[in-house]
Amino acid sequence: LGWVKNYPNITSVLWAPGAGGDTCRSIADVLSGKINPSGHLVDTFAYDAFSSPAMQNMGDIDLMNGGSVVGNGVFYDEGIYVGYKYYETRYFDKVMGQGNAGDYDYDTVVQYPFGYGISYTDFEWSDFTMTQPDASGDIKVSVTVKNVGQKKGRDVVQVYVNAPYTEYDKTNHVEKSAVSLVGFAKTGEIEPTKSETVTVTLNVKDFISYDDVKAKTYILEAGDYSVSISYDAHT
């Protein structure tokens with residue numbers, strides 16, 4: 001969708017992949033304003049799909065043995081760095097001046113981040129609260145969502161975690177995304193000026209990482225974990 005930026009008069013895009021025979025009726029209702037869209041992207045929209053390492057391994061790649069082609073397939077070399085976990089981690093490393101992020105300009109690479117979505121109204125969030133883990137490890141994150149626009153609509157609260165990247169991780173090549181989606185919830189239809197409190201339940205198990213070098217199992221390391229509510233994976 002990179003061409004959209006060439007047309008300043010385009011202020012929004014309706015993404016409507018195949019959804020059955022009634023899709024056209026739904027699209028008409030959205031475009032006419034009868035229905036307020038509230039969907040959010042489940043993938044990152046990049047200006048160039050080949051900016052993702054995963055794309056370098058797609059297609060019919062020859063498998064060689066002793067100089068002869070013995071078949072073809074897809075290589076899976078990028079580990080956890082697929083989708084938003086690649087784009088957001090490289091951005092984070094660039095900002096923090098760490099890793100090998102290189103010459104990376106997020107805004108010229110990513111057009112619409114994972115979780116992005118807009119509607120015909122606007123929302124404001126306030127009163128963020130988070131409980132301590134209970135006996136089962138459950139953590140409740142709550143926020144008040146207020147409709148400050150002119151039309152009724154629904155909003156999506158997304159919860160992300162940023163885990164500490166320790167010396168142990170560096171030594172043992174434990175891979176961690178800069179941000180990981182650990183929960184989300186959609187409000188009901190909120191009328192203008194009205195509010196709704198949304199609660200998302202997390203668990204400490206959502207904070208674990210996989211160590212395939214030393215522990216060869218999932219690990220939960222000591223350190224500071226940042227939990228945030230966001231409109232998408234980048235904001």
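Helix α1 (residues 23-32) gives the largest share of the lining of the largest pocket, 5 residues. That pocket has a volume of about 870 Å³. The model is predicted.

**Largest pocket**
- In this pocket of about 870 Å³, 34 residues form the lining.
- Val13, Leu14, Trp15, Pro37 and Gly39 are the lining residues closest to the centre.
- By class, the lining holds 22 nonpolar, 10 polar and 2 charged residues.
- Helix α1 supplies 5 of the lining residues.

**Second largest pocket**
- The second largest pocket holds about 490 Å³ of space.
- Its lining counts 19 residues, and the closest to the centre are Tyr81, Thr89, Asp93, Glu175 and Lys176.
- The largest share of this lining, 5 residues, comes from helix α3 (residues 84-96).
- The classes here are 8 nonpolar, 6 polar and 5 charged residues.

**Open sheet**
- Three strands, in the order β5-β6-β9, form an open sheet with antiparallel pairing.
- Strands β5 (123-130) and β9 (195-203) are the edges, and each pairs on one side only.
- On average, neighbouring strands of this sheet are turned by 25° against each other, direction ignored.
- Strand β6 (residues 138-147) pairs with β9 over 9 bridges, in the antiparallel sense.
- Asp138 stands opposite Asn203 in β9.
- In general, the strands of a sheet pair through backbone hydrogen bonds, either parallel or antiparallel.

**Aromatic pairs**
- The count comes to 11 aromatic pairs.
- One of them joins Trp3 and Tyr7, with 6.4 Å centre to centre and 75° between the planes.
- This pair counts as edge-to-face because planes over 60 degrees apart fall in that class.
- Tyr7 has 44% relative accessibility, so Tyr7 counts as partly exposed. The class lies between buried, under 20%, and exposed, over 50%.
- Ring pairs also link Trp15, Phe45, Tyr112 and Tyr116 into a cluster.

Terms used: Residues numbered from 1 in each chain as written. Predicted model: local features only at pLDDT ≥ 70, side-chain atom pairs only at ≥ 80, totals over all residues. Heavy atoms only, no water. 1 Å grid on protein atoms, 1.4 Å probe; cavity = no way out; pocket = protein on both sides within 12 Å on 5 of 7 lines; lining within 4 Å. Points joined across faces, edges and corners; volume = space filled by probe spheres on them. Helix = DSSP H or I, 4+ residues; strand = E, 2+ residues; numbered from the N terminus. Nonpolar A, V, L, I, M, F, W, Y, C, P; charged D, E, K, R; others polar. Pairing = 2+ DSSP bridges. Axes fitted to C-alpha atoms, helices over the stretch in contact; angles between N-to-C directions. Phe/Tyr/Trp six-rings, centres within 6.5 Å; stacked < 30°, edge-to-face > 60°. Buried < 20%, exposed > 50% of the residue type's maximum accessible area, 1.4 Å probe, protein only.
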